[in-house]
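Work through the exercises below with the sequence and the model side by side. Each task is followed by a worked solution.

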Amino acid sequence: AVVSTQSTGMPASQYRIPMSIGDKAHAEVDKKGTGCSVYDIAINPNYIQTLKEEPAFMNFFLQVVYEGLASKFEIELDWDWLVLKNRSHVGRIRPHTIRTYRKPVIQEVSTPATPKKRTTKHTQPAPKPDYIVLQEPTEGPPNYLIIEVWLPGIESSSKLTLDVGEDRLTLHAHPAMYFLDIELPYDVIPMESGAQYDTASQLLTVALMTTEV
């Protein structure tokens with residue numbers, strides 16, 4: 001869920017909450033034997049720990065859940081909640097449809113190497129390769145981000161695992177030759193990403209369509 005908050009005179013901020021609301025309610029019976037409607041909310045386990053440690057986050061999260069349920073199912077709910085001890089759900093949990101991203105297919109080519117200016121960054125478990133991040137157009141919010149990564153010693157794209165999320169890109173070069181994890185300057189559409197690896201120059205080029213299009 002993406003939540004926007006705004007204070008008077010201040011620009012809106014957006015927060016992503018790792019949760020999913022089920023497709024429909026299911027009838028169950030509470031501990032008193034009374035019938036009730038149950039709405040399933042799936043939450044990332046790491047975020048649950050944050051909620052337990054920060055009461056303010058819990059109140060904010062529950063507000064988002066209440067508003068999400070009211071909007072999705074067109075119902076009115078009372079602001080009265082209780083966390084059940086030693087019980088993570090009521091009844092049988094229904095399946096959720098969780099959006100996933102396919103990994104970009106890396107196209108392998110072979111062309112003469114072309115020297116380019118590089119940005120060097122080091123120090124992590126596996127060496128971080130040199131890379132640059134370009135945008136198109138160069139002025140204003142871009143339609144595309146172009147990421148070029150130099151991978152000396154990588155002879156084939158079969159050694160590479162590339163993952164693209166909405167705001168992050170990670171690259172593994174096996175076996176533990178390189179590792180790159182960067183936060184993208186703009187949100188992108190993972191399903192519209194593409195990659196090409198030039199075996200001659202040992203350069204990986206990743207093209208990402210931004211949400212600014």
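The model is predicted, so local features need pLDDT of at least 70 and side-chain atom pairs pLDDT 80 or more, while totals for chains, interfaces and linings use all residues. Residues are numbered from 1 along each chain as its sequence is written, and side-chain values use heavy atoms, without hydrogens and water.

**Exercise 1.** Find the aromatic pair in the whole structure and classify it.

Solution. Rings of Phe, Tyr and Trp (its six-membered ring) pair if their centres lie within 6.5 Å; planes under 30 degrees apart are stacked, over 60 edge-to-face, and the rest tilted. The search gives one pair. Tyr 39 and Phe 73 have centres 4.8 Å apart and planes at 50°, a tilted pair. Tyr 39 is in the loop between strands S5 (35–38) and S6 (41–43) and Phe 73 in helix H2 (residues 55–73), so the pair ties together parts 34 residues apart in sequence. Helices (H or I, at least four residues) and strands (E, at least two) are DSSP runs, numbered from the N terminus.

**Exercise 2.** In which sense do strands S13 and S14 pair?

Solution. Pairing requires at least two DSSP bridges between the strands. S13 (residues 194–198) and S14 (residues 203–209) have five bridges and are antiparallel. Gln 196 has Thr 205 in S14 as its bridge partner. Four residues separate the strands of this hairpin, and Gln 202 takes a positive phi near 55°.

**Exercise 3.** Is Val 83 buried or exposed?

Solution. Buried means under 20% relative accessible area, exposed over 50%, and partly exposed in between (1.4 Å probe, protein chains only). Val 83 has 53% relative accessibility and is therefore exposed. Val 83 lies in the loop between H2 and strand S7 (106–109).
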